[in-house]
Amino acid sequence: MITFLRTNSENSDFRLLIKELDAYLAITDGEEHAFYDQYNKVDSIKEVIVAYDENEPVGCGAIKAFDEQSAEVKRMFVKPERRGERIAPQILTELETWAKALGYEYCVLETGKRQQPAIALYTRSGYQPIPNYGQYIGMDNSVCMKKNL
C-alpha cells in the first residue's frame, strides 16, 4: 500500500529521488538540460510529497506558489521500476488537495514534449495546455498546462 508524507525539500528521501529525476532529465532534455536545470532548484520548496511503499521511497512531487491564485507542480517523479502502478496520479492528487487547502484555485506546470508519459498523465488528470509562461516562453521543448482545482 502506498502512503504519502507531507514534508519539505529538506527531506532526505525527496533529495535522493530528485537526484534520480535529474539523471533521467539529463538524458531526455539533451542539450537543453542545463537551461531547465537552473529552474529546478529545491532549496526553498515548502510543500513536498514523498510516496512510500512500506519504508521505501518510490516517488515524489512538490508544489510552490506561482502567483496568488496558482500553485506550480514541480519535481514529479516515480522510480522507473515502479511506473505503471498508478503512483504518479496519486501523488498528483495529493499535491492538488494540498494546493486547494492552501487556498489556490489552480495548478500550473511545465513538462517537456519528450516526456510523453507525463503529458498523458496530466491530460488524464484534467490539465489543459496553456501558452508557455515565464522562463519557458519561446522554449520549443516546453509544454505548459493548467488545471482548475
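Predicted model: local features only at pLDDT ≥ 70, side-chain atom pairs only at ≥ 80, totals over all residues.

Now its partner. F66 pairs with Y133, edge-to-face. The centres are 4.8 Å apart, with 65 degrees between the planes. This pair links distant parts of the chain. F66 sits in the loop between β3 and β4; Y133 sits in the loop between β6 and β7, 67 residues away. Y133 is buried, at 9% relative accessible area. Ring pairs also bring in Y136, giving a cluster of F66, Y133 and Y136.

How many aromatic pairs are there in the structure? Three. Another of them is Y122 with Y127, also edge-to-face: 5.8 Å between centres, 65 degrees between planes. Y122 and Y127 are both buried.

That takes us to the core. The largest nonpolar core has 25 residues. V73, M76, I91, Y122 and Y127 make the most contacts inside it. Elements giving two or more residues include β2, β3, β4, α3 and β5. Which one gives the most? α3, with seven residues.

Take V73. Beyond its neighbours within four places in sequence, V73 touches A62, I63, L92, L95, C107, V108, L109 and Y127. Apart from this core lies another, of twelve residues, L17, I18, C60 and A62 among them.

Last item, a charge over a ring. The charged end of K146 sits over Y106, 4.1 Å from the ring centre.

Note on methods: Residues numbered from 1 in each chain as written. Heavy atoms only, no water. Core = buried A, V, L, I, M, F, W, Y, C linked by side-chain atoms within 4.5 Å. Buried < 20%, exposed > 50% of the residue type's maximum accessible area, 1.4 Å probe, protein only. Helix = DSSP H or I, 4+ residues; strand = E, 2+ residues; numbered from the N terminus. Contact = heavy atoms within 4.5 Å. Phe/Tyr/Trp six-rings, centres within 6.5 Å; stacked < 30°, edge-to-face > 60°. Lys NZ or Arg CZ within 6 Å of the ring centre and 35° of its normal.
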